[in-house]
Amino acid sequence: MCRDVGSQVFGLINLPATRVDKKKLPAGPIGHELAPISRNPRLLFDDCLALPDDAIDQGRFANVGPADDGDDGESAHDGTLGRNENRLESEYTCPASNMADMVERVQLAEPRGFCAGVEMAIKSLTWMVRVFEAPVYCYHEIVHNRWVVDAFERVGVIFVNSMNEVPLGAPVMLSAHGSAPEVVAAAQASAGVVVDAVCPLVTKVHHEVKTLTDKGFQILYIGHGGHDEAVGTIAEAPEHITLIEPERGLESFKAKDPTKVALLAQTTLGLFEWEDVLRQSQAEFPELKTARKSDLCYATTNRQEAVQQLSTSADLVLVVGSDSSSNTRALVRVAHEAGIPAYRIDNADAIDPEWLIGKEIVGVTAGASAPDHLVSEVIDRINPRNGVELIQVTKEGEYFPLPPQLRGFLTALQAVVEAGFSASNRGGRGLLEDDRSWTATEALDLISE
Ligand code: SF4
């Protein structure tokens, strides 16, 4: 089941407590029309865009528009053609030249990006791929971010949407969004090892569902139909829960007993969406039972507060994150609510230079599952004339420990190693004591090496 116990386990014990250098990321996909050029392209793109070697060798390049601004022989963007003696009379240039210096300043939201639940889930799956032979199976995307999912797929994780796709005895991780009870049961019945990386704040809502239904409440659950978290939560008591899509409100919901109605929510909604439905529900059911604040998690509300802050000064807000990420899309809606144009982008390649026309200040943030290097690349691409200003609304210090199944497994593994090898870690720090000191970013660096 485990890889070569000796070397692998000592590798685990020595998992870095200090920061791993960020890997230099490969260039993003080359867009636009492709056309060959005959002179030295490496010089042409020097300092501008890291073209993959195979693209250079094959003469594949991006035609992204005119590089030269006219008749003076100088480039429109001094990082590209103008620097090179081998300058080409061609229309090829760095995509960054389409937007560099267009913007006066970037305002960078803090907090943004990885939350404690995502940190825990990514580190957990990293342990799984370090301990077990590939493939490791993961029920649903571990977190809703394409870059993260791709990184794990490259090291042998297979993401599935049904436990039927998992071979008997294989190691399985359940995603951060929480799984339906029948999925957890199926995993426990058939998998060799099951680690449930559900975020504790999602688990809290699952518990609320169980407690309230035991007390005879009908539950209104505000969420997005089909989202993994909503599916998993509703599955706790489907016959007692009515899904409320935030933009549609209560619609024709009829309570069996208006004194026994409760309101719960997906953790990643827009706060204003929660408040809208809350108002409506309280008006209809004065004895409504609901959380003291809401079920929206700290990461969701903090990131939204930061976007609201950005919206007071920025002309445009860019939100880094995947389309499947509910909290990412909520950040875009929060900016729209504040009357600011906002776009969700997967990465820097997705920025349309036209969005920046006439914009002096661009706010940048990221959903809770988006790696921060994608944010850095966005800022690099925008290349604001007067740098980056941090807009911090709060400091987050939340930490969620690794799932109990994983902690138990790693502790047992360490005990085996300590008992079996003379060069053991006996008396030293265990595998888990250092968990706080390394981050999901380092974990992703580790698997990307
Ligand atoms: S966004 Fe909130 S609920 Fe979701 S994983 Fe992060 S902390 Fe947990």
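Biologist: At roughly what angle do the axes of helix α5 and α15 cross?

Modeller: This is a predicted model, and the values are computed from it. Helix α5 covers residues 146–154. Its axis comes within 9 Å of that of α15, and the two cross at roughly 40 degrees.

Biologist: Are α5 and α15 parallel or oblique to each other?

Modeller: Angles under 35 degrees count as roughly parallel. The axes of α5 and α15 cross at roughly 40 degrees. The pair is therefore oblique.

Biologist: Which residues of α15 make the contact with α5?

Modeller: α5 passes α15 in a left-handed crossing. From α5, the contact takes Val148, Ala151 and Phe152. From α15, it takes Leu444, Ile447 and Ser448.

Biologist: How many charged residues does the contact of α5 with α15 have?

Modeller: Sorted by class, this contact has five nonpolar residues and one polar residue. The number of charged residues in the contact of α5 with α15 is none: it has no charged residues.

Biologist: Are α4 and α15 parallel or antiparallel to each other?

Modeller: Helix α4 spans residues 116–131 and helix α15 spans residues 440–448. Their axes come within 8 Å and cross at roughly 30 degrees. Angles under 35 degrees count as roughly parallel. α4 and α15 are therefore roughly parallel.

Biologist: Which residues of α15 make the contact with α4?

Modeller: The crossing of α4 with α15 is left-handed. On the α4 side, the contact is made by Val118, Glu119, Ile122, Lys123, Thr126 and Val129. On the α15 side, it is made by Ala440, Ala443, Leu444, Leu446 and Ile447.

Biologist: How many nonpolar residues does the contact of α4 with α15 have?

Modeller: Two residues in this contact are charged and one is polar. The nonpolar class has eight.

Biologist: Which elements give two or more residues to the shell around the ligand?

Modeller: The ligand is surrounded by 15 residues, and the closest are Cys115, Gly117, Cys199, Thr267 and Cys297. Helices α7 (200–214) and α10 (298–310) each give two or more residues to this shell, and so does α4. The elements are α4, α7 and α10.

Biologist: Which element gives the largest share of the shell around the ligand?

Modeller: The shell divides into 10 nonpolar, five polar and no charged residues. The largest share is three residues, and it comes from α4.

Biologist: What is the bridge partner of Val319 in β14?

Modeller: Strands β12 (residues 316–320) and β14 (residues 361–366) run parallel and are joined by five bridges. In β14, the partner of Val319 is Thr365.

Biologist: Where does Pro111 lie?

Modeller: The peptide bond from Glu110 to Pro111 is cis, with omega near 5 degrees. Pro111 lies in the loop between β3 and α4.

Biologist: Where does Pro135 lie?

Modeller: Ala134 and Pro135 are joined by a cis peptide bond, with omega about 0 degrees. Pro135 lies in the loop between α4 and β4.

Notes. Residues numbered from 1 in each chain as written. Predicted model: local features only at pLDDT ≥ 70, side-chain atom pairs only at ≥ 80, totals over all residues. Axes fitted to C-alpha atoms, helices over the stretch in contact; angles between N-to-C directions. Helix = DSSP H or I, 4+ residues; strand = E, 2+ residues; numbered from the N terminus. Parallel < 35°, antiparallel > 145°, perpendicular 65-115°, else oblique. Left-handed = near helix turned anticlockwise from the far one by under 90°. Contact = placed C-beta atoms within 7 Å. Nonpolar A, V, L, I, M, F, W, Y, C, P; charged D, E, K, R; others polar. Near = placed C-beta within 6 Å. Pairing = 2+ DSSP bridges.
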